[in-house]
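The sequence and the coordinates are shown first, and the description follows.

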Number of protein chains: 4
Amino acid sequence: MTRTALDFDDNWLDPEELAHIRRRLPVTYVHGLPVRRGDDGEVERIGLLLRTLDTGALGREIVGGRVKFHESIRAALLRHAENDLGPLALPTVPLSLTPYHVAEYFPTEAVSPYYDPRQHAVALCYVLPVIGDCSPRGDALSIDWLTPQEAVSDDIAAEMRHGQQHIVRAGLAHLGILP
Amino acid sequence: MTRTALDFDDNWLDPEELAHIRRRLPVTYVHGLPVRRGDDGEVERIGLLLRTLDTGALGREIVGGRVKFHESIRAALLRHAENDLGPLALPTVPLSLTPYHVAEYFPTEAVSPYYDPRQHAVALCYVLPVIGDCSPRGDALSIDWLTPQEAVSDDIAAEMRHGQQHIVRAGLAHLGILP
Amino acid sequence: MTRTALDFDDNWLDPEELAHIRRRLPVTYVHGLPVRRGDDGEVERIGLLLRTLDTGALGREIVGGRVKFHESIRAALLRHAENDLGPLALPTVPLSLTPYHVAEYFPTEAVSPYYDPRQHAVALCYVLPVIGDCSPRGDALSIDWLTPQEAVSDDIAAEMRHGQQHIVRAGLAHLGILP
Amino acid sequence: MTRTALDFDDNWLDPEELAHIRRRLPVTYVHGLPVRRGDDGEVERIGLLLRTLDTGALGREIVGGRVKFHESIRAALLRHAENDLGPLALPTVPLSLTPYHVAEYFPTEAVSPYYDPRQHAVALCYVLPVIGDCSPRGDALSIDWLTPQEAVSDDIAAEMRHGQQHIVRAGLAHLGILP
């Protein structure tokens, strides 16, 4: 998530300052769980990003990143959706700002299901329906559209970073399609 | 809200550094709307703080303030509840971290219903039932327990700071008791 | 709401039987609050139906009616949306079945904000974005697209039936646009 | 669920009439997921009922049943909690009537995750914290307090009736403790 924010945003915090602030107070994050709906309105597919990690290994993430100074939550969601899914994804921002889930990332393991060694972040999680064409950008190798069964499989969960498999499953439960 | 955080927390950000950070990225806030429930479980009273403002005038606020580094949302709610209501309020922290409302405070007027000249803050708002004795502390002169009708009256709304009357009304709507 | 269900559905409960059942157990209802969104995704207009009441007077209602046997909540929402808004409204059914509000209609006044002399109904309320053309049907004279300020005005509230002005205001609060 | 409603309520619908109505329109249900909280406010245990089924086999259920004519949702929750957990359970009714999940039971398999051959029911699901002593009543053999891990285990899921394991998991996801 950090690399997205640092590398691909027109970001007026240089890495050193951001790294410093990240040790001083929690960072506000947003996540959008990309979904595709069927004709009956039910969600049929969930989009997960495949990324090259700093370690060189591969890992999966959901769309998102930090909210910038004086940026609204909806604007941050759209910015990260464009960064991660490309300009033609046509995402629908949430009607309400009430998230379906709040993820607390701590820089210490086992404090919560979410662990990020770089920071303490409070992430508001939203469902993000997309109807357009998604083209992975930046360090994202692909966006894979998975069925609910695939999205919660052990294989996929093992690839998710920072405990984000819990955000996926909470989203499926919210949508009424958790297998 | 700031004065609470700065004056009464064991806060390891000095005012200058906090003021600086407040201009660099959004600050994560929590709000707890203190309520008292009747025998049938319905909320009957809402608790609003009466404070002396920096200007010397009086103003009303709801419980809350910023989340500190490595502090959980529930811990921050309990800390601010104790700061504002005293140690005997016996608040119940929310079962779920999903807030009933998200308030975006901007340092620019009219960007959202919430305006705070000192900062951009993203506040997660929760209902906070209290069953104990509340004793205003710090710069809080009193905590007044209002009926829903009183809480949304024009007089009270005019006294609310930062647009927080919208947080009160969203809370009453969530509780099904908005007059 | 009844007249919609009775007159315009292919309804296999005759009026006598429905009237009888309505005195025996609560009826499951759905409501859809029609909204139009602006370019930034925020809701700008709320659609309210203007109807001729049994008394001959005019009254306002939101879209909705009862759920039929073996009918899903989403299917009931789409059926009532088509009944009330016409076949070209292009409504979007909710992603999640969790309603933003639950309205309990009682056949006795003052038990709750919602009163319906004909029945006890439990109504699940959803926001229903529409992007198409709405043409009032059946006994609906018009669908008026109001600003949030207009939708909660005393004049409009006084025209709402069964206490539905509370459903409208709870919807605006959920959307973060309650004036 | 039916047996609870029929055998242990002071129910003014005789079984024949209820069975008839159950084939004519959906029945409004409430469910309360009994939980016990730890000192930090997080849910630590989930209470599941063990019942003797009509077949003589054993099965697990969560608290709940139908809403009676002119009965409020909170009153129905308290009535079923007393029926299933005894008079000393001291449950806390929900602050808001917005359920964490809506379960649609159909009398046809595979229409939804919830199947009840006797009826189409729309169930509003709430978290029900209890602090008192629970004594199983009626046809409930025991109430077992399970950890989140135990509650979602395959063994327990296989014992749940009507697909209610999905209600349990949606509840744990809502509470942020789905393993």
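**The interface**

The model is predicted. In it, 34 residues of chain A are in contact with 34 residues of chain B. Between chain A and chain B an area of about 2900 Å² is buried, and carbon and sulfur atoms account for 63% of that area. Three residues, A:R24, A:F69 and A:H70, supply 25% of what chain A buries against chain B, more than any other three residues.

| Property of the chain A and chain B pair | Value |
|---|---|
| Area buried between chain A and chain B | about 2900 Å² |
| Share of that area from carbon and sulfur atoms | 63% |
| Salt bridges between chain A and chain B | two salt bridges |
| Polar contacts between chain A and chain B (both residues at pLDDT 80 or more) | eleven residue pairs |

Chain A and chain B are joined by two salt bridges. A salt bridge links the side chains of A:E17 and B:R24, with a distance of 2.6 Å from N to O.

On the side of chain A that touches chain B, the elements that give two or more residues are helix 2 (15-21), strand 1 (27-37), strand 5 (101-106) and strand 7 (121-129) of chain A. Strand 5 of chain A gives the most to this side, with four residues. Sorted by class, the side of chain A that touches chain B holds 18 nonpolar, eight polar and eight charged residues.

**Symmetry of the two copies**

Chain A is superposed on chain B by a rotation of 180 degrees with 0.0 Å of shift along its axis, and the RMSD is 0.0 Å. The two copies are therefore related as by a two-fold rotation axis. Within chain A, the C-alpha nearest the axis belongs to A:T28, at 3.0 Å from it. Both copies use the same surface, since 100% of the contact residues of chain A recur in chain B.

**Residue B:G176**

B:G176 is found in the segment that comes after helix 6 (165-175) of chain B. With a relative accessible area of 37%, B:G176 is partly exposed. B:G176 and B:E42 are 134 residues apart along the chain, and their C-alpha atoms are separated by 9.0 Å.

Methods
Residues numbered from 1 in each chain as written. Chains lettered and ligands numbered in written order. Predicted model: local features only at pLDDT ≥ 70, side-chain atom pairs only at ≥ 80, totals over all residues. Heavy atoms only, no water. Contact = heavy atoms within 4.5 Å. Buried area = accessible area lost by both parts, 1.4 Å probe. Salt bridge = Lys/Arg side-chain N within 4 Å of Asp/Glu carboxyl O. Polar contact = N/O pair within 3.5 Å; in protein donor to acceptor, adjacent residues only side chain to side chain. Nonpolar A, V, L, I, M, F, W, Y, C, P; charged D, E, K, R; others polar. Buried < 20%, exposed > 50% of the residue type's maximum accessible area, 1.4 Å probe, protein only. Least-squares fit on C-alpha atoms with pLDDT ≥ 70 in both.
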